[in-house]
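Subject: Structure for you to look at

Hello,

Here is the structure I promised to pass on. Have a look at it first, and then read on for what I found.

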Amino acid sequence: MSGCKPQSVSADPVVRGAHLVTKVAMCQDCHSPRLADGQFDPENWLAGSPLGFQPLMEMPWSPVAPPIAGLPTLTDEEAFTFLTTGALPEGRRPLPPMPEYRFAPDEANDVIAYLKSLE
Ligand code: HEC
C-alpha cells in the first residue's frame with residue numbers, strides 16, 4: 001500500500017526508548033519542568049516537576065511528578081514491573097495522573113535503557 005510504509009526501527013534500545021518516551025507516552029508532559037515561556041527546560045529534562053494542571057473535582061492526586069532521568073526511585077526490575085503492569089513495589093499503585101502503563105516487555109526494556117542513559 002502506498003503511503004503506509006512501516007517505519008524503520010533502530011537497533012539501539014536507547015533510540016527506541018527515546019521514541020517511546022518522548023513521542024508515544026509523552027512522559028515529559030508531566031515529568032519535565034518548563035521555563036517561563038512554556039518550553040521544556042533542556043537543562044532539567046525529565047528531572048521532575050510540579051504539574052501545571054489539576055482536577056476539577058476532588059480525587060486522589062499527586063501534584064508533583066518525581067524525577068525519572070536516570071530512574072532514581074526504582075531498580076531496573078521494579079521499573080520493568082511498573083511499566084508492564086502498573087504496580088509499584090509492595091503492591092502500591094501510582095497516584096493519578098500517573099498512567100498505569102502496560103508496555104510490552106521489549107518496550108519496557110527500551111524505556112528503561114533510555115531513562116538510564118540520562119543523568
Ligand atoms: C499525566 C502525567 C504523567 C505522565 C504522562 C507520566 N507520569 Fe510518571 N508520574 C506522574 C506523577 C504525578 C507521579 C507521582 C505519582 C505518585 O506519587 O504516586 C509519577 C510517578 C512516576 C514514577 C515514580 C514511581 C515511584 O513511586 O517511584 C515513575 C518511575 C514514572 N512516573 C515514570 C513515568 C514514565 C516512564 C512515563 C512515560 C512512559 C510517565 N511516568 C508518564 C505523572 C505522569
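Let me start with a loop: leucine 71 sits between β2 (64-65) and α3. Please keep in mind that this is a predicted model. The phi of leucine 71 is near 50 degrees, a positive value in a residue other than glycine. At 11% relative accessibility, below the 20% limit, leucine 71 counts as buried.

Methionine 26 also has a positive phi without being glycine, near 55 degrees. Its place is the loop between α1 and α2, and with a relative accessible area of 33% methionine 26 is partly exposed. As you know, most residues other than glycine have a negative phi, and most peptide bonds are trans. Proline 97 belongs to the loop between α3 and α4.

Which residues coordinate the iron? They are His31, through NE2, and Met98, through SD, at 2.0 to 2.1 Å. Histidine 31 is in helix α2 (residues 28-31) and methionine 98 in the loop between α3 and α4, so the two tie together parts that lie 67 residues apart in sequence. The arrangement is octahedral because the six donor atoms around the iron subtend angles of 87 to 180 degrees. For reference, the ideal angles for six octahedral donors are 90 or 180 degrees. Are the two residues buried or exposed? Histidine 31 counts as buried, at 9% relative accessibility, while methionine 98, at 24%, counts as partly exposed.

Around the ligand there are 23 residues, and the closest are Cys27, Cys30, His31, Thr73 and Met98.

- The side chain of histidine 31 has an N or O atom 2.8 Å from a nitrogen atom of the ligand.
- The side chain of threonine 73 has an N or O atom 2.7 Å from an oxygen atom of the ligand.
- For leucine 95 a backbone N or O atom is involved, 2.7 Å from an oxygen atom of the ligand.

Next, the packing. The largest nonpolar core has 21 residues, and Val21, Leu46, Val111, Tyr114 and Leu115 touch the most other members. Two or more residues each come from α1 (13-24), α3 (76-85) and α4 (105-117), with the largest share, five residues, from α4. Setting aside residues up to four places away in sequence, valine 21 touches Met26, Cys27, Gln28, Leu46, Val111, Tyr114 and Leu115.

Helix α3 has Ala79, Phe82, Leu83 and Thr84 as its buried residues, and these pack against α4. Threonine 84 counts as buried at 18% relative accessibility. A polar atom of its side chain lies 2.7 Å from the backbone oxygen of phenylalanine 80. Apart from neighbours within four places in sequence, threonine 84 is in contact with Tyr101, Arg102, Phe103, Ala104, Pro105 and Ala108. Just after α3, glycine 86 takes a positive phi of about 85 degrees.

Over in helix α4 you will find aspartate 106, which at 60% relative accessibility counts as exposed. Its C-alpha is 14 Å from that of phenylalanine 82, a residue 24 places away in sequence.

Terms used
Residues are numbered from 1 along each chain as its sequence is written. This is a predicted model: local features need pLDDT of at least 70, side-chain atom pairs count only at pLDDT 80 or more; totals for chains, interfaces and linings use all residues. Side-chain values use heavy atoms; hydrogens and water are left out. A nonpolar core is a set of buried Ala, Val, Leu, Ile, Met, Phe, Trp, Tyr and Cys residues joined through side-chain atoms within 4.5 Å. Buried means under 20% relative accessible area, exposed over 50%, partly exposed in between (1.4 Å probe, protein chains only). Helices (H or I, at least four residues) and strands (E, at least two) are DSSP runs, numbered from the N terminus. Contact means heavy atoms within 4.5 Å. Donors are N, O and S atoms within 2.8 Å of the metal (3.2 Å for Na, K and Ca); water is not among the atoms, so sites may look incomplete. Four donors count as tetrahedral if all angles lie between 85 and 135 degrees; four count as square planar and six as octahedral if opposite donors are over 155 degrees apart and all others between 65 and 115; anything else is irregular. A residue is near a molecule or strand if one of its heavy atoms lies within 4 Å of it. A polar contact is a pair of N or O atoms within 3.5 Å; within protein, one must be able to donate a hydrogen and the other to accept it, and residues adjacent in sequence count only if both atoms are side-chain atoms.
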